Amino acid sequence: MKIEKEAEKILKEFSKTLENIPDLEETHYIVDNINLSREDVARDKNPEKIMRNTMVDENGNMIVEKSKWK
């Protein structure tokens with residue numbers, strides 16, 4: 001059959017190509033840090049920094065966008 005002949009030809013060409021690939025040493029990484037987690041620790045909040053990065057009205061209140069209903 002034509003398909004079998006073509007498949008055989010492709011395999012032979014592929015085998016010839018593989019012969020030209022140089023042998024290299026494999027690199028293995030043995031790592032024991034699978035699924036590591038860290039302790040959940042709250043960080044200190046800096047209100048001055050937060051207020052510096054937002055819009056404020058004349059009374060010193062933070063201006064935020066109201067959420068839209070979806």
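**View 1. The salt bridge of the model.** A search of the whole structure finds one salt bridge, defined as a side-chain nitrogen of Lys or Arg within 4 Å of a carboxyl oxygen of Asp or Glu. This is a predicted model, in which local features need pLDDT of at least 70 and side-chain atom pairs count only at pLDDT 80 or more, while totals for chains, interfaces and linings use all residues. Residues are numbered from 1 along each chain as its sequence is written, and side-chain values use heavy atoms, with hydrogens and water left out. The partners are K12 and E8, whose closest N and O atoms are 3.8 Å apart. Because they are four residues apart in helix α1, about one helical turn separates K12 and E8. K12 is exposed, at a relative accessible area of 52%, whereas E8 counts as partly exposed at 48%. Here buried means under 20% relative accessible area, exposed over 50% and partly exposed in between (1.4 Å probe, protein chains only).

**View 2. The whole chain.** The protein chain has two helices and two strands, and their pattern along the sequence is α-α-β-β. Helices (H or I, at least four residues) and strands (E, at least two) are DSSP runs, numbered from the N terminus. The C-alpha trace spans about 85 × 40 × 20 Å along its principal axes. The radius of gyration of the protein chain is 32 Å, whereas a compact globule of 70 residues would have one near 11 Å. That radius is taken over C-alpha atoms, and the globule rule is 2.2 Å times the number of residues to the power 0.38. Of the 70 residues, 0% count as buried. The accessible surface comes to about 8500 Å², with 53% of it belonging to carbon and sulfur atoms. Accessible areas come from the Shrake-Rupley method with a 1.4 Å probe; for residues, only the protein chains shown count as cover.

**View 3. A nonpolar surface patch.** F14, L18 and I21 make a nonpolar surface patch of about 300 Å². Patches are made of residues with over 30% relative accessible area and no salt bridge; like charges are joined within 9 Å, and nonpolar side chains (Val, Leu, Ile, Met, Phe, Trp, Tyr) within 5 Å. I21 is found in the loop between α1 (2-19) and α2 (47-52).

**View 4. P22 and D57.** P22 is found in the loop between α1 and α2. At 57% relative accessibility, P22 counts as exposed. P22 and D57 are 35 residues apart in sequence, and their C-alpha atoms are 70 Å apart in space.

View 5. N61 is found in the loop between β1 (55-56) and β2, and M62 lies in strand β2 (residues 62-63). N61 counts as partly exposed at 40% relative accessibility; M62 counts as partly exposed at 40%. The C-alpha atoms of N61 and M51 are separated by 9.0 Å, with the two residues ten apart along the chain. For M62 and I50, twelve residues apart along the chain, the C-alpha separation is 9.5 Å.
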